[in-house]
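Colleague: I am new to this one, so please give me a close look at how its side chains pack inside. Take your time and join the pieces up for me.

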Amino acid sequence: MTGLLIVEDDETIGGALTTSMRSHGHDVTWARTGAQALSAPGPFDLVLLDLGLPDLDGVEVCRRLRLENPATVIVMLTARGEEMDIVVGLEAGADDYLVKPVRLAELHARVRAHLRRGATTPKRCLIGDLLVDSASRRVTVAGQEVTLRSKEFDLLARLAAEPGKAVDRETLMTDVWDEHWFGSTKTLDVHIATLRRRLREHSGAGAIPAITTLRGHGYRLESTT
């Protein structure tokens with residue numbers, strides 16, 4: 001049974017989400033404030049996080065949850081639909097976002113997709129000094145571990161599965177996020193930028209392949225360093 005943390009101060013919405021998620025077989029903890037979310041006993045497989053909390057800013061809660069639980073999937077539920085708000089949330093550590101009002105069918109589809117991709121088929125990809133181990137969900141550069149968020153790992157693993165091959169944006173969104181994804185793909189660009197930054201931080205440890213932007217198409221993880 002998967003463990004879900006719902007962070008929502010609205011009693012009606014929180015109650016409906018809790019009931020619906022439990023009916024789909026999830027073990028749900030409901031936190032009504034940011035403080036309750038940060039003190040909730042985990043770890044959790046996935047967090048549904050409302051940004052409009054009464055005590056703490058949801059972005060700060062997201063940032064602190066991410067620091068404490070690098071592998072947990074965090075999905076923002078927000079009424080803030082502006083692109084800059086979404087980018088800020090993603091950079092704070094969220095893996096995905098949904099703008100309220102949220103249809104339960106879509107929410108369940110997203111949750112299933114995230115949890116399914118969290119159980120990656122065991123595989124090891126070595127490119128230069130970069131090792132992506134899907135069995136342990138670890139990334140190392142010449143033996144030095146690189147800490148990645150859940151979706152950053154999934155994205156790198158997808159690119160590393162076919163080094164040197166161009167992967168279009170639609171394929172990446174389908175394979176890493178949701179086969180029924182629609183709307184902006186800005187989340188992909190934000191995750192690529194963060195992934196590059198995290199890998200650069202370890203560039204002194206060994207040879208790391210570049211992630212090349214293919215304008216109008218997608219991205220490619222180079223097969224040589």
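Modeller: Let's start with the rings: two rings of Phe, Tyr or Trp, taking the six-membered ring for Trp, count as a pair if their centres lie within 6.5 Å. By that test this predicted model holds zero aromatic pairs. A ring does meet a charge, though: the charged end of Arg32 sits over the ring of Trp30, 3.6 Å from its centre.

Now for the packing you asked about. In soluble globular proteins, nonpolar side chains tend to be buried together. Here the largest nonpolar core has 27 residues, and Val132, Val139, Leu155, Leu156, Leu159, Leu188 and Ile211 have the most contacts inside it. Strands S6, S7, S8 and S12 each give two or more residues to this core, as do helices H6, H7 and H8. H6 provides the largest share, six residues.

Leaving aside residues up to four places away in sequence, Leu156 touches Leu130, Val132, Val139, Leu148, Leu195 and Leu221. There is also a second, separate core of 24 residues, with Val59, Met76, Ile86 and Ala92 among them.

Stepping back, the protein is divided into domain 1 (3–115) and domain 2 (124–221), and their C-alpha centres lie 24 Å apart. Where they meet, 20 residues of domain 1 are in contact with 14 residues of domain 2. About 1400 Å² is buried between the two, with carbon and sulfur atoms giving 57% of that area. On the domain 1 side, Leu90, Asp95 and Arg110 supply 31% of the area buried against domain 2, more than any other three residues.

Conventions. Residues numbered from 1 in each chain as written. Predicted model: local features only at pLDDT ≥ 70, side-chain atom pairs only at ≥ 80, totals over all residues. Heavy atoms only, no water. Core = buried A, V, L, I, M, F, W, Y, C linked by side-chain atoms within 4.5 Å. Buried < 20%, exposed > 50% of the residue type's maximum accessible area, 1.4 Å probe, protein only. Helix = DSSP H or I, 4+ residues; strand = E, 2+ residues; numbered from the N terminus. Contact = heavy atoms within 4.5 Å. Phe/Tyr/Trp six-rings, centres within 6.5 Å; stacked < 30°, edge-to-face > 60°. Lys NZ or Arg CZ within 6 Å of the ring centre and 35° of its normal. Domains from an automatic or database assignment. Buried area = accessible area lost by both parts, 1.4 Å probe.
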